[in-house]
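Please read this briefing alongside the sequence and the structure displayed below.

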Amino acid sequence: MLGRDVMLAAGNAGHDIVGYGRAELDVTDPAALERKFDLERPDVVINCAAWTDVDGAEEAEEAAFAINGSGAGHVAAAAATQEATVLHVSTDYVFDGAKGAPYVESDQPAPLSAYGRTKLAGEEAVAAANKRNFIVRSVGLFGIGGRNFVETMLQLAETRNEVAVVRDQVGSPTYTWHLAYGIVRLIEGIEYGIHHMAAAGQCSWYEFAREIFEQSNVECKVLSITSEEFGAAAPRPAFSALTSQREHAIRLPDWQDGLAGYLAQRKAQEGTE
């Protein structure tokens, strides 16, 4: 989702951009990365590759780490050989959610899950391998071209008249198109380091589901349950909304605006198929 939108946003901003999927370039292969970067000679490398199966990572932490942890470091190191900047995408799940207020860049990470641990390891590997680094933490991504919460809710509503969604996990669900434009703006500067870049505002997944059906004019009742009742394999932070303490922070639109934009884009795409 994000990789496609970053390519579009960077192209629209006038950058010369080349994109690779997993089949063409594997982030777990340092030699392949160095060969490709030596060929392309990039000024900036944006790493959108990730193991995103949060629950699956509990049973396969080593495999998740190979992509999210050491893989991220390999990308940053290969970029450094070209004196290129690297931008790494990270997550709110590096936090434990105990703060009870939106997290800022200087807050201490304390991941609860294997996924969160591998993403934090990636941040550390990137920072160690390349001094020209941007680490962008975001939340609950949704966009065209990938599995996401909005799509799941709309698909469930096609066959059910009610869904059960957790009320005790709060975040800032972020539209990948908005995040992609923020990322492109960020790489045009040199304010290296950690940046929190997520939708403005916050909501629970329960509130998000209700807003999805309301904006979509879909009749589906949303039942509120707890994380314990839902019983996911991986623990999630209870409150992991992000905000930025940076003076020149890139602010994204509200999560409701992101949802409206996604639904409009989704409808437009359906009309062309």
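This is a predicted model: local features need pLDDT of at least 70, side-chain atom pairs count only at pLDDT 80 or more; totals for chains, interfaces and linings use all residues.

Residues are numbered from 1 along each chain as its sequence is written, and side-chain values use heavy atoms, with hydrogens and water left out. Helices (DSSP runs of H or I, at least four residues) and strands (runs of E, at least two) are numbered from the N terminus.

**Aromatic pairs**

- The structure contains 12 aromatic pairs, a pair being rings of Phe, Tyr or Trp (its six-membered ring) with centres within 6.5 Å; planes under 30 degrees apart count as stacked, over 60 as edge-to-face and the rest as tilted.
- Tyr175 and Tyr262 make an edge-to-face pair, with 6.2 Å from centre to centre and 65° between the planes.
- Because Tyr175 belongs to strand 7 (residues 174-175) and Tyr262 to helix 10, this pair ties together parts that are 87 residues apart in sequence.
- Tyr175 and Tyr262 are both buried, where buried means under 20% relative accessible area, exposed over 50% and partly exposed in between (1.4 Å probe, protein chains only).
- Trp177 and Tyr181 are also edge-to-face, since their ring centres are 5.1 Å apart and their planes stand at 75°.
- Both Trp177 and Tyr181 lie in helix 7 (residues 176-187), 4 residues apart, or about one turn of the helix.
- Trp177 is partly exposed at a relative accessible area of 23%, and Tyr181 is partly exposed at 33%.
- A cluster linked by ring pairs consists of Phe142, Phe149, Tyr175, Trp205, Phe208, Trp255 and Tyr262.

**Salt bridges**

- There are 7 salt bridges, each defined as a side-chain nitrogen of Lys or Arg within 4 Å of a carboxyl oxygen of Asp or Glu.
- Glu61 and Arg117 form one of them, at 2.9 Å from N to O.
- This pair links distant parts of the chain, with Glu61 in helix 3 (residues 61-68) and Arg117 in helix 5 (residues 114-129), 56 residues apart.
- Glu61 is partly exposed at 30% relative accessibility, and Arg117 is partly exposed at 37%.
- Asp107 and Lys99 form a salt bridge at 2.6 Å, N to O.
- Glu151 and Arg266 are joined by a salt bridge at 2.9 Å, N to O.
- Glu151 is in helix 6 (residues 149-159) and Arg266 is in helix 10, so the bridge ties together parts that are 115 residues apart in sequence.
- Glu151 and Arg266 are both buried.

**The second largest pocket**

- The second largest pocket holds about 190 Å³ of space.
- Its lining includes Leu154, Gln215, Ser216, Leu263 and Arg266.
- Helix 8 (205-216) and helix 10 (255-272) each contribute at least two lining residues.
- Helix 10 provides the largest share of the lining, 5 residues.
- A pocket is an open set of points on a 1 Å grid over the protein atoms alone, where a 1.4 Å probe fits, with protein on both sides within 12 Å along at least five of seven lines; lining residues have an atom within 4 Å of a point.

**A loop residue**

- Thr226 sits in the loop between strand 10 (221-225) and helix 9 (227-230).
- Thr226 counts as buried because its relative accessibility is 19%.
- Leaving aside residues up to four places away in sequence, Thr226 touches Val166, Arg167 and Asp168, contact meaning heavy atoms within 4.5 Å.

How values were computed
Grid points are joined across faces, edges and corners, and a volume is the space filled by probe spheres set on the points.
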